[in-house]
Amino acid sequence: MGILDTKVALVTGGARGIGREIALKLASEGAHVAFTDIRLEGAADEVMNLIRAKGVRTTAIQSDVRSLSEAQNTIDTVVKEYQHIDILVNNAGITRDNLIMRMSEDEWDSVIAINLKGTFNFCKAASRQMLGQRQGKIVNIASIVGVMGNAGQVNYSASKAGVIGITKTLAKEFASRNIQVNAVAPGFIDTEMTQKLTPQQREALMNAIPMKRIATPEEIANVVLFLASPAASYITGQVINVDGGLVM
Ligand code: NAP
């Protein structure tokens, strides 16, 4: 018995990194888990096998979060297959770092399209179903960079600050319909995204983090699980920093 038994969850960008860990965590608590990725290759098969091994159902859907129509098709596919959708985790995200002087229009546009518009697309696409059900949980993956800024990430920090804005606004729009919308703001997590850091950047980070280490993806998934579960029944519109004390 898990705390999410019979629930249906959808995780965007679930084939790798933090999204993969979130998908596995929700499945290990009994949820059926559908996940999307822009490409479905070997990694998605492995995630599906790991989810099935937990005794729940899974569906992998190739879907680009930048497209509202693909988001709507994805939600429709999940509802057709599972009849409802209880948990949406907006996780897909990218970085294209540069100082503003050097940042290209494409670097700005691509990060905003995936991180910010992608979150809007899936919230909008899921909203009709969740409003009709009169229940749902949306967890958006933001970043502490959206709270505190970071040199070289004007596109990323703006997108994540926007995700926090979406979270608070939809929490207000949906609160009376028993739909809760919250965000998790990770600090620095050990994934391919942070493996791009130079040794100097890594050392500077360690010095700044009170807990002196970066997090595992599972430490983010644990907080997503809490927000997606009945244990968080009176929490909405909140942003939980999971960052070893970097922002306080
Ligand atoms: P990751 O390892 O790069 O994984 C991101 C996933 O999103 C990949 O599976 C990727 O697919 C998918 N994706 C990219 N573009 C997509 C699109 N247009 N449509 C659908 N899926 C797409 O990144 P991560 O580190 O796990 O990050 C996950 C989330 O946590 C992101 O929102 C990120 O901003 C946030 N976050 C991460 C950190 C960190 O330190 N890692 C810190 C704060 C916040 P492909 O692999 O096929 O491109």
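Biologist: Why does Glu218 count as partly exposed?

Modeller: Glu218 has 37% relative accessibility. Buried means under 20% relative accessible area and exposed over 50%, with partly exposed in between (1.4 Å probe, protein chains only), so Glu218 counts as partly exposed. This is a predicted model, in which local features need pLDDT of at least 70 and side-chain atom pairs pLDDT 80 or more, while totals for chains, interfaces and linings use all residues. Residues are numbered from 1 along each chain as its sequence is written, and side-chain values use heavy atoms, without hydrogens and water.

Biologist: Why is Lys25 called buried?

Modeller: Lys25 has a relative accessible area of 15%. Buried means under 20%, so Lys25 is buried.

Biologist: What makes Glu218 and Lys25 a salt bridge?

Modeller: The closest N and O atoms of Glu218 and Lys25 are 2.7 Å apart. A salt bridge is a side-chain nitrogen of Lys or Arg within 4 Å of a carboxyl oxygen of Asp or Glu, so the pair forms one.

Biologist: How do you know that Arg20 and Glu46 meet in a salt bridge?

Modeller: Their N to O distance is 2.9 Å, and the cut-off is 4 Å, so the pair qualifies. Arg20 also forms a salt bridge with Glu21, at 3.8 Å.

Biologist: Why does Glu21 count as partly exposed?

Modeller: Glu21 has 22% relative accessibility, so Glu21 also counts as partly exposed.
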